[in-house]
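Biologist: Could you walk me through the backbone of this one? I have a few questions ready.

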Amino acid sequence: MMTRTPWTLALAVTLLAACGGAKDAAPTDDAAATTAGAPAATGTVITIEMHTDETGNYFKPAEVEAHPGDVLRFTLVTGVHNVHFLADSNASVPNLPAPSDLLQLPGQTHDVVVNMPVGGRYYFQCDPHALLGMVGHVKVESES
């Protein structure tokens, strides 16, 4: 009879959760998925790629400078990733974007309109890969 360790079961559950079906088979533009009441996108689109390769799991670039109204476009290149601006890592910041769904098909995107307070540096991560170092920051600067 085969026995399973708790670690094996936890890994199996995690992998199954990460492999859930994608909502759309084609790349998506999820600007509407940002926080309700967020300002309209009025600025530059800043592309942040999401990768898995021989060097690891990472955002490229992981450090971004943006202005209110800019759009952070998280684009899946390889792997299965999401983006999450954690409330406990961004203390006292109102209107943080909701976590994205897992992006699973190359070319899928998730847009976040920058509506965080000017002068702050805000942490984001890929939930399945944060402990592997897939984290980043956006620094919000004023227009002038």
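Modeller: Happy to! Asn-95 sits in the loop between β4 and β5, where strands are DSSP E runs of at least two residues, numbered from the N terminus. Keep in mind that this is a predicted model, with local features needing pLDDT of at least 70, side-chain atom pairs counting only at pLDDT 80 or more, and totals for chains, interfaces and linings using all residues. Residues are numbered from 1 along each chain as its sequence is written, and side-chain values use heavy atoms, leaving out hydrogens and water.

Biologist: What is the phi of Asn-95?

Modeller: Most residues other than glycine have a negative phi. Asn-95 is not a glycine, yet its phi is positive, at about 60°.

Biologist: Is Ser-92 buried or exposed?

Modeller: Ser-92 is found in the loop between β4 (71-76) and β5 (109-113). Buried means under 20% relative accessible area, exposed over 50%, and partly exposed in between (1.4 Å probe, protein chains only). Ser-92 has 80% relative accessibility, so this residue counts as exposed.

Biologist: Which residues does a cis peptide bond join?

Modeller: Most peptide bonds are trans. Here one has an omega of about -5°, and this cis bond joins Lys-60 and Pro-61.

Biologist: And His-137: buried or exposed?

Modeller: His-137 lies in strand β7 (residues 135-140). Leaving aside residues up to four places away in sequence, His-137 touches several residues, including Val-64 and Tyr-123, where contact means heavy atoms within 4.5 Å. Its relative accessibility is 17%, so His-137 counts as buried.

How values were computed:
Helix = DSSP H or I, 4+ residues; strand = E, 2+ residues; numbered from the N terminus.
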